[in-house]
Amino acid sequence: RTLGRVALFLGELRDGLTMINMQNAYLITTKGYTEKQAGVMFFVFGMSQFLFQTPAGYLMDHTEAKVQLLGFSAVVTTLLTLITAAFATENGGNLAFMVFIKFLQGSIT
């Protein structure tokens with residue numbers, strides 16, 4: 001029962017704070033990223049989600065700390081989203097760092 005409520009809350013948190021389309025729009029319109037640069041970043045994000053989905057599922061299946069892991073993931077994902085906004089430089093000057101942040105975010109998400 002508690003896990004269901006936490007999952008509902010985290011779904012709302014994740015979709016509200018880390019919407020990929022909003023991050024793309026921010027990077028392209030405010031920071032001058034090209035569509036290709038933003039696309040590379042979010043391709044890496046999606047692929048890292050894909051790669052870590054099965055290990056994360058295994059971990060969740062075999063742990064008693066499900067709520068704590070979900071909470072940790074939500075907090076770290078939110079922090080990485082804020083880092084994306086705070087540290088993105090004009091015209092994708094630090095694209096490699098941003099790709100690394102998106103890789104981490106995808107693996108945590």
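This is a predicted model: local features need pLDDT of at least 70, side-chain atom pairs count only at pLDDT 80 or more; totals for chains, interfaces and linings use all residues.
Three aromatic pairs were counted in the structure. One of them joins Phe42 and Phe45, with 6.4 Å from centre to centre and 70° between the planes, an edge-to-face arrangement. Both residues belong to helix 3 (residues 35-61), where a spacing of three residues separates Phe42 and Phe45 by about one helical turn. An α-helix has 3.6 residues a turn, so residues three or four places apart point the same way. Phe42 has a relative accessibility of 10% and is classed as buried, because this value falls under the 20% cut-off. Phe45 is likewise buried, at a relative accessible area of 7%.

A further edge-to-face pair is formed by Phe87 and Phe97, whose ring centres lie 6.4 Å apart and whose planes meet at 85°. Here the partners come from two helices: Phe87 is in helix 4 (residues 66-87) and Phe97 is in helix 5 (residues 95-108), so the contact ties together parts that are 10 residues apart in sequence. Phe87 is partly exposed, with a relative accessibility of 49%. Phe97 is also partly exposed, at 36% relative accessibility.

Helix 4, which contributes Phe87 to this pair, comprises 22 residues. The distance from the first C-alpha of helix 4 to the last is 31 Å, close to the 32 Å expected at 1.5 Å a residue. Buried positions in helix 4 include Ala74, Val76 and Leu80, together with the threonines Thr77, Thr78, Thr81 and Thr84.

Definitions and conventions: Residues are numbered from 1 along each chain as its sequence is written. Side-chain values use heavy atoms; hydrogens and water are left out. Rings of Phe, Tyr and Trp (its six-membered ring) pair if their centres lie within 6.5 Å; planes under 30 degrees apart count as stacked, over 60 as edge-to-face and the rest as tilted. Helices (H or I, at least four residues) and strands (E, at least two) are DSSP runs, numbered from the N terminus. Buried means under 20% relative accessible area, exposed over 50%, partly exposed in between (1.4 Å probe, protein chains only). The expected span of a helix is 1.5 Å times one less than its number of residues.
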